[in-house]
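Me: I am new to reading protein models, and I would like to learn how to look at one feature after another. Could we go through this one slowly?

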Amino acid sequence: MKHQETAQEIIKAVGGTNNINSVYHCVTRLRFDLKDNEKVDNGSLKKLDKVMGTNISGDQFQVIIGNDVAKVFDAMVKENPAIQQSTENKEPKSDKKQNVVLKIFETIAGVFAPMLPAITAAGMLKGLLALFVSVGWMSAGTDTYRILSAIGDGVFHYLPLLIAVSAARKFGSNPFVAIALGTALMYPDMTALLSSGESVGFLGIPVTAVSYASSVIPILLAVWLMSYVEKWVDRVIPAALKLLLVPLITLLVMVPVTLIAIGPLGTFVGSGLSGGINWLLNEGGLIAGIVLGGAMALIIMTGMHYALVPIILSNIATLGFDKFLPLTFISNMGQAGATLGVFFRAKDKKLKTVALSTSFTALMGVTEPAMYGVNMKYKKPFAAAMIGSAVGGGFALAFGAKAYVLAGNGGLPGLPSLIGQTFWYSFGGMILAFIVGAIMSTIFGIKEEEGDAEALAQFSPGASTAPAKVTSNDVATVNVDDMGDPAPTSDAVAVAPMTGKSIPLKEVNDPTFGDELMGKGVAFVPTVGELVSPVTGTIMNVFKTKHAIVVRSDNGMELLIHVGINTVKLRGQYFDAHVATGARVQAGDKLLTFELAEIAKEYDITTAMVVTNTADYKQVLPVKLGEITMGEDVLKAEI
């Protein structure tokens, strides 16, 4: 699917443009501020090729895209420019009370995420310059060095101007007026006045000397307050005079107020926050590294790390280093190692391929595919990643590891940001996190056959799985692994595996089956708790939870029969399997019995029968819909 099509489908799935207050993107996610999160169609989102998953942090709805997020975002705002950072005509959210702390985190995230490309580019360049000088490839003080330094340092020196633009968009004020506010604070004569050492006053009110270069909190607070002042002035000024007087009065109010009150307050708040975090990182050492390193993945998932961006930038600007950033590298290495452990333990070939590739992308600093696609999906690898990150974090902070620039990439490409006196301690923590994460993930293992309906997409018919316990009617078995996976040899017909009512597969209330992601087929609403084989062939998989079976006919048709929706949660309760993986069966042989009435009390009992190798056939069509008895022809596949 092209990026333009993906963008339009995402907009549709989140409730349309009328449901979007604003949207921006970070490295891998689209971050929506929606009027009503209840209008989101998660099922439609998850079936899009480019969408890896979704997440809600506070009231922010996130769509995880991966490396193509910028392209999808650009396509989204190209035809719908009003949705980008639009804060006009916001409707209030529902009556739900919002967590104040989460709201602050989301606001900071909304301000800083759009700036990250510029900040990270400048930070990466500063790191590379440090590397070039340290290995003798460039001399400090040369014209080339000074020009490149200007590219890297300029963004950070004039950081208040970038924040002014982004904050104005976030708070719904005029970004150009916000820039005018920032330039007044950083005007050379103003800088000279405030740094002169002489007392400064405005209309007899003392002005505290504050340096605004590279500062974060003062301009953020100033633009936030400015948004209210600007809106109030706009309401009271006649329409004919708005263009002239609204920005004029706003600036005449906000510049002095910022110099007199907000600037000193922002500096005090920023210094206090930085001091508290730095005290924890400096004094906590090993313990702080273990706790923060282990929890870093959770911090990143909730978006709370954005709340620390101002502190990180302040540390780098004032101290020349930051101790929090190395932990982000270490956390990414833990995720990469844990996913590699899944590669070692997985039996399914598709899962092994996915695990290996996402482990590599995590090493490169993009962890969402590994975290959401593999580690969180199977749970134990995620725990292994946190353990590895805790070990690596403890090691790094025990030796005072530091980052010296904000490179914006927490993987191997971002290593230049760590170059300095403590580089090897940071790098050692990364290696430890990767190795321990891989080892723990390998030890913990995964349960491939206990995934939900969505996880069935990982199924490979030839995968070796432990057979289910056979309770009766044992039949001869064969070694499935020796059979190969031949292509269909002729048209195939499947009989109804149960008695009840046959319905189109699209009527199944589960997007994995209803949207035919697994293939085409037919579904049943059973009236009898018995499942028989729809074909003559071989049992390829009996899930340990006994709610699903895969059978391949002798002429090559592969059928997945899944009894009920979300019945995997029963973990085998109410189900009895009468065959084992590898068994030879005839059409009509009993496969499962289940307590229909008990299951129906908690779950939708609709049963899907899907041809998982649909692509091998020209068409797969139901033969009969409506009331049906097991053994009647119900599905046909034509080559």
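Reply: Let us begin with a general idea, namely that a salt bridge is a side-chain nitrogen of Lys or Arg within 4 Å of a carboxyl oxygen of Asp or Glu. In this structure, which is a predicted model, K636 forms a salt bridge with E638, and the closest N and O atoms of the pair are 3.5 Å apart.

Me: How many salt bridges does a search of the whole structure find?

Reply: The search finds five. One of them joins D234 to K242, with 3.5 Å between the closest N and O atoms, and another joins R584 to D554, where the closest N and O atoms are 2.6 Å apart. This last pair links distant parts of the chain, since R584 belongs to strand β15 (residues 584–585) while D554 sits in the loop between β12 (548–553) and β13 (558–562), 30 residues apart.

Me: Are K636 and E638 buried, exposed or partly exposed?

Reply: The general idea is that a residue is buried under 20% relative accessible area, exposed over 50%, and partly exposed in between. K636 has a relative accessibility of 32%, so it counts as partly exposed, and E638 is partly exposed too, with a relative accessible area of 24%. D234 at 33% is partly exposed, as is K242 at 25%, and R584 counts as partly exposed at 32%.

Me: Which residue could show me the buried case?

Reply: Consider S359, which lies in helix α14 (residues 349–363) and which counts as buried because its relative accessible area is 3%. The side chain of S359 reaches the backbone oxygen of A336 at 2.8 Å. If you leave aside the neighbours within four places in sequence, S359 is in contact with A336, T339, L340 and F434.

Me: Where is L185 found, and is L185 buried or exposed?

Reply: L185 is found in helix α8 (residues 175–186), and with 3% relative accessibility L185 counts as buried. Not counting residues up to four places away in sequence, L185 touches M190, T191, Y212, I219, T258 and L259.

Me: Which residues of α16 and α17 meet?

Reply: Among those on the α16 side are K380, P381, A383, A384, I387 and G388, and the residues they and others meet in α17 include Y425, G428, G429, L432 and A433.

Me: What is the secondary structure of the chain, and how much of the chain counts as buried?

Reply: The secondary structure comes to 19 helices and 20 strands, and of the 639 residues of the chain, 52% count as buried. To see how the chain is joined up, take the contacts between residues at least 6 apart in sequence: 74% of these join residues at least 24 apart.

Methods
Residues are numbered from 1 along each chain as its sequence is written. This is a predicted model: local features need pLDDT of at least 70, side-chain atom pairs count only at pLDDT 80 or more; totals for chains, interfaces and linings use all residues. Side-chain values use heavy atoms; hydrogens and water are left out. Helices (H or I, at least four residues) and strands (E, at least two) are DSSP runs, numbered from the N terminus. Buried means under 20% relative accessible area, exposed over 50%, partly exposed in between (1.4 Å probe, protein chains only). A polar contact is a pair of N or O atoms within 3.5 Å; within protein, one must be able to donate a hydrogen and the other to accept it, and residues adjacent in sequence count only if both atoms are side-chain atoms. Contact means heavy atoms within 4.5 Å.
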